[in-house]
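Here are my notes on this one, written as numbered points. Keep the picture open while you read, and go through them one at a time.

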Amino acid sequence: MNRVDKESKLCSNEVMRWEEQRVGVGRVAELPLGLPEPVERGSGRAGLRLPEPVPIEAGTEEAYAIEIHAKSVLNRVPGESQVPFRWTVNPYRGCTHACIYCFARRTHTYLDLDAGHDFDSKIVVKVNAGTLLRKELTSPRWTGEPIAMGTNTDPYQRAEGRYRLMREILAALRDHANPFSILTKGTLILRDLDLITEAAQRTRVSVAVSVGSVDEALWRAVEPGTPSPLRRLDVVRRFTEAGIGCSVLMAPILPGLSDSAAEIDRTVAAIAEAGATSLTPLILHLRPGAREWYHEWLRGQRPELLPLYERLYRNGAYAPKSYQREVMHLVEQAKRRHGLAHPQRPENFRTQQHDPPQSDADRDRARQLALL
């Protein structure tokens with residue numbers, strides 16, 4: 001299989017700069033979070049296995065859960081960023097959802113891994129995330145600002161079923177009455193409905209699910225590691241029934257694949273029927289890392305669409321505003337037809353505007369909130 005970002009790969013005798021944080025490397029191995037013994041190397045952790053305590057090579061076929069002790073879990077968003085929150089928590093790096101278009105792919109190159117298969121299969125697990133967050137929330141310097149989760153990789157990807165990091169994170173946020181939001185494609189969030197409900201009784205909580213299309217064939221092709229869109233919409237129903245409510249990020253809308261009037265109407269209808277409190281559409285953007293991986297997929301699966309994408313994205317990561325306005329108009333028409341023109345309650349604090357930033361510098365600063 002071809003790989004993207006080949007220049008980021010290391011030779012087998014090179015040590016990745018985060019190796020000293022790995023559990024069991026240069027220290028006595030610890031089994032995190034009181035998980036039951038034994039878990040042997042080579043055994044499965046949500047389809048992943050623990051690597052041997054030797055440096056990890058990039059660009060290989062192995063699927064690993066790379067357990068590390070994080071030094072910090074509260075991440076401050078750069079001051080120049082245009083997103084409407086300042087703090088995030090991401091217990092995982094990399095994502096087994098394996099969405100072909102994921103904007104976060106390039107972040108794996110910061111770990112000296114590649115943005116393609118490594119991003120999908122070599123998952124960094126911050127095993128001390130819950131304990132560390134609780135400590136950071138008690139700091140005198142912490143002022144209780146809203147925390148956004150799901151801004152980079154999905155906190156409810158498959159590995160969460162094994163590690164249960166989100167339960168401890170949510171318990172800490174609940175106990176400190178700290179506002180938070182969650183964006184996910186994972187149905188595993190239903191496991192934590194009790195904690196989220198308790199937190200919502202003490203502080204401001206918002207939940208959003210990402211559903212770009214309800215076309216099953218397209219879902220299987222571009223989001224192979226995710227629950228089906230219809231199962232995600234069941235999450236929307238369950239949170240609505242619980243009285244918390246759930247918004248939907250209709251993202252990404254894929255040119256030539258899910259941007260037709262008929263497909264948009266079908267997706268909006270399903271979202272409305274699930275009881276979503278609001279719907280925010282977002283058109284695919286292609287940053288470096290994601291761009292190469294997505295184009296490789298197009299060449300293999302839908303080569304007839306390559307000219308369309310070359311035309312739409314020839315000037316950068318975003319499609320032209322004329323195209324965006326056309327698609328947004330179709331979405332707004334569908335929202336009016338299906339009763340979603342007016343949100344049932346105010347948008348949560350992490351909703352982003354439809355129009356992309358105007359300059360290349362602004363585009364780099366404006367981090368998209370969806371799992372694109």
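1. Let's start with two tyrosines: Tyr294 and Tyr309 are both buried, where buried means under 20% relative accessible area, exposed means over 50%, and partly exposed is in between (1.4 Å probe, protein chains only). Before going on, note that this is a predicted model, where local features need pLDDT of at least 70, side-chain atom pairs count only at pLDDT 80 or more, and totals for chains, interfaces and linings use all residues. Residues are numbered from 1 along each chain as its sequence is written, and side-chain values use heavy atoms, with hydrogens and water left out.

2. How many aromatic pairs does the structure hold? There are four. Rings of Phe, Tyr and Trp (its six-membered ring) pair if their centres lie within 6.5 Å; planes under 30 degrees apart count as stacked, over 60 as edge-to-face and the rest as tilted. One of the pairs is Tyr294 with Tyr309, which is tilted, at 5.3 Å centre to centre and 55 degrees between the planes. This pair links distant parts of the chain, with Tyr294 in helix α9 (residues 290-301) and Tyr309 in helix α10 (residues 306-312), 15 residues apart. Helices (H or I, at least four residues) and strands (E, at least two) are DSSP runs, numbered from the N terminus.

3. Tyr309 has another partner. The ring centres of Tyr309 and Tyr313 are 5.8 Å apart and their planes are at 15 degrees, so this pair is stacked. Tyr313 is buried, as is Tyr309.

4. Next, find the open sheet of seven strands, with mixed pairing and the order β2-β3-β6-β7-β8-β9-β10. Two strands pair if DSSP finds at least two bridges between them. At the edges are β2 (74-76) and β10 (279-283), each pairing on one side only. From one strand to the next, the twist averages 25 degrees.

5. Inside that sheet, β7 (residues 180-184) and β8 (residues 205-210) run parallel and are joined by five bridges. Which residue of β8 is the bridge partner of Ile182? Look for Val207. Helix α5 (residues 193-200) packs on the sheet and touches β7 and β8, its direction making about 140 degrees with that of β8. Contact means heavy atoms within 4.5 Å, and axes are lines fitted to C-alpha atoms, for helices over the stretch in contact, with angles running from 0 to 180 degrees between N-to-C directions. Helix α8 (residues 261-273) lies across β9 (247-253) and β10, at about 160 degrees to β9.

6. On to the inside. A nonpolar core is a set of buried Ala, Val, Leu, Ile, Met, Phe, Trp, Tyr and Cys residues joined through side-chain atoms within 4.5 Å. The largest one has 78 residues, and Met149, Phe239, Tyr294 and Tyr309 touch the most other members. If you skip neighbours within four places in sequence, the contacts of Phe239 include Leu193, Ile196 and Val207.

7. Now for charges. The structure holds 19 salt bridges, each a side-chain nitrogen of Lys or Arg within 4 Å of a carboxyl oxygen of Asp or Glu. In one of them, the closest N and O atoms of Arg86 and Glu145 are 2.6 Å apart. Arg86 lies in the loop between β2 and β3 (87-89) and Glu145 in the loop between α2 (129-137) and β6 (147-149), so the pair ties together parts that are 59 residues apart in sequence. Arg86 is partly exposed, at 39% relative accessible area, while Glu145 is buried, at 19%.

8. Compare that with Glu263 and Arg266, whose side chains meet in a salt bridge (3.1 Å, N to O). Both lie in helix α8, three residues apart, or about one turn of the helix. Glu263 is buried, with a relative accessible area of 10%, and Arg266 is partly exposed, at 40%.

9. Last stop: strand β5 (residues 122-126). Is β5 enclosed or open? Five of its five residues are buried, so β5 is largely enclosed by the rest of the structure. Strand β1 (residues 64-68) runs parallel to β5, joined by five bridges, whereas β4 (residues 92-93) runs antiparallel to β5, with two bridges.
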